[in-house]
Amino acid sequence: MSALLVTGIGELVTFDPAHPGPDGVLHDAALLAVDGRVVWTGPAAAAPNEDADEVLDVDGAAVIPGFVDAHTHLVFAGDRAEEFEARMAGRPYTAGGIRSTVAATRAATDEELRRGLARFVSELHAQGTTTFEVKSGYGLTVQDEARLLRLAREVTAETTFLGAHVVPPEFAHDPEAYVDLVVGPMLDECAPHARWIDVFCETGAFSVEQSRRILTAGAARGLGVRVHASQLGRGEGVALAVELDAASVDHCTYLTDDDIERLAASNTVAGLLPGVEFSTRHPYPSGRRLLDAGATIALASDCNPGSSFTSSMPFCIALAVRELGLTPAEALRAATLGGAAALRRDDVGHLRPGARADLVVLDAPSHLHLAYRPGVPLVARTLRSPA
Ligand code: NIG
Ligand code: FE
């Protein structure tokens, strides 16, 4: 048994309904974790008197749950900095750029891809992310998609098969044949390495009919469903996600009133990815409208070399407060508990007894500083449960 006592916490955000207020925030607090799980939080003066193996005095700092980033594309080679530069000069984002990352990724060795992943994982850790999902989607052959998922599995249990990212150039003349490949041999090879299946349901990628076929085939193999939808324009992807009880539908940039009502009445989380709007110049999604309607939202980085090359959840929180209409506490909740809901996990994203002891010590007295001091590295320390 190994016990860790964190004490001297100026502000502890637990999301534990046993504590006062909607976010379960404590002041002058302490937290006890045993064998990598939270067992107690409360006033520092009442901290259990058992012998802790380790005491961490954070000297008045704020402590929050580790971020849960439920949407990333971290296995790829190369970058698309010139595409970003052109966009900032007025060129629109199109999904076409994905194909250049596919070419670079296919040409990369496992070791090169592993090195890239390791770099992103250390960026995530340094910025307070303790749980993250990783998608395939830059291989688009049976062997390459399975390879990307095997590599992703080395760094996370939350792996997503995204063979239906775009139709690769060699199938441009016959997209239906590519869908046949995805639901047949590619799914056979990839399903053992994935927990989830995802589709880019958007004009220029996959139609709602193709998406339904792919997602249904994945669900029949035991994969959970996630969807990319309404990133570049309105469409039927959100309705499809709700119909299939997807864990999340991500982007949600162009929502109809019906979409919002459907989401609010469903178990499907709306994943908001403001790093995308930052770097594509599309309008930001309305987090406010979704919350007011009663939907559950998650904030995620969507870290990828095309539409959002940031791995920083604090940056996403700052954008969410400034541009999505969220309060700092709502943004923090979406980046922790919301991400956990999007992955259908109840062991992360909060600090209630039983949760994994995944927590972030901020170099700040309050979570408000995450949005108040944008761009400043405020993560002093990330603790991730080994259990
Ligand atoms: O989530 N929208 C589709 N896929 C990614 C972008 C991938 C890329 O541009 O390379 C996204 O934004
Ligand atoms: Fe994405």
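**Notes on the helix pairs, the annotated sites and the ligand shell**

1. Starting with H5 and H6: the axes of H5 and helix H6 (residues 208-220) cross at roughly 10° and come within 9 Å of each other. Angles under 35 degrees count as roughly parallel, so H5 and H6 are roughly parallel to each other. Bear in mind that this is a predicted model.

2. Who touches whom here? On the H5 side the residues are Val179, Val182, Val183 and Leu187, and they meet Gln210, Arg213, Ile214, Ala217 and Gly218 in H6. By class, the contact of H5 with H6 has six nonpolar residues, two polar and one charged.

3. H5 (residues 175-190) also pairs with helix H4 (residues 142-153): their axes come within 9 Å and cross at roughly 25°. That angle makes H4 roughly parallel to H5. As for handedness, H4 passes H5 in a right-handed crossing.

4. The residues making this second contact are Val142, Glu145, Ala146 and Leu149 from H4, with Pro185, Met186, Glu189 and Cys190 from H5. Sorted by class, the contact of H4 with H5 comes out as six nonpolar, no polar and two charged residues.

5. On to the annotations. An unreviewed UniProt entry puts the feature "domain: Amidohydrolase-related" at residues 63-364. In the model, the end C-alpha atoms of residues 63-364 lie 9 Å apart, and the span is 43% helix and 16% strand.

6. Which residues does the "binding site" annotation cover? According to UniProt (unreviewed entry again), His71, His73, His228 and Asp302. These four span 232 residues in sequence, yet no two of their C-alpha atoms are more than 12.2 Å apart, so they gather at one spot. For anyone tracing the fold, His228 lies in strand S10 (residues 224-229).

7. Finally, the ligand. How many residues surround ligand 1? There are 14, and the closest are Ile98, Phe200, Asn304, Gly306 and Ser307. The shell around ligand 1 divides into five nonpolar residues, eight polar and one charged.

8. If you open the model to check these points, I'd begin with H5. After that, turn to His71, His73, His228 and Asp302, the residues under the UniProt "binding site" annotation.

Terms used. Residues are numbered from 1 along each chain as its sequence is written. Chains are lettered from A and ligands numbered from 1 in the order in which they are written. This is a predicted model: local features need pLDDT of at least 70, side-chain atom pairs count only at pLDDT 80 or more; totals for chains, interfaces and linings use all residues. Axes are lines fitted to C-alpha atoms, for helices over the stretch in contact, and angles run from 0 to 180 degrees between N-to-C directions. Helices (H or I, at least four residues) and strands (E, at least two) are DSSP runs, numbered from the N terminus. Angles under 35 degrees count as roughly parallel, over 145 as roughly antiparallel, 65 to 115 as roughly perpendicular and the rest as oblique. A crossing is left-handed if the near helix is turned anticlockwise from the far one by less than a right angle, and right-handed if clockwise. Two residues are in contact if their C-beta atoms, placed from the backbone, lie within 7 Å. Ala, Val, Leu, Ile, Met, Phe, Trp, Tyr, Cys and Pro count as nonpolar, Asp, Glu, Lys and Arg as charged, and the others, Gly among them, as polar. A residue is near a molecule or strand if its C-beta atom, placed from the backbone, lies within 6 Å of it. UniProt positions are given in the numbering used here, feature names are shortened, and annotations may be inferred rather than shown by experiment.
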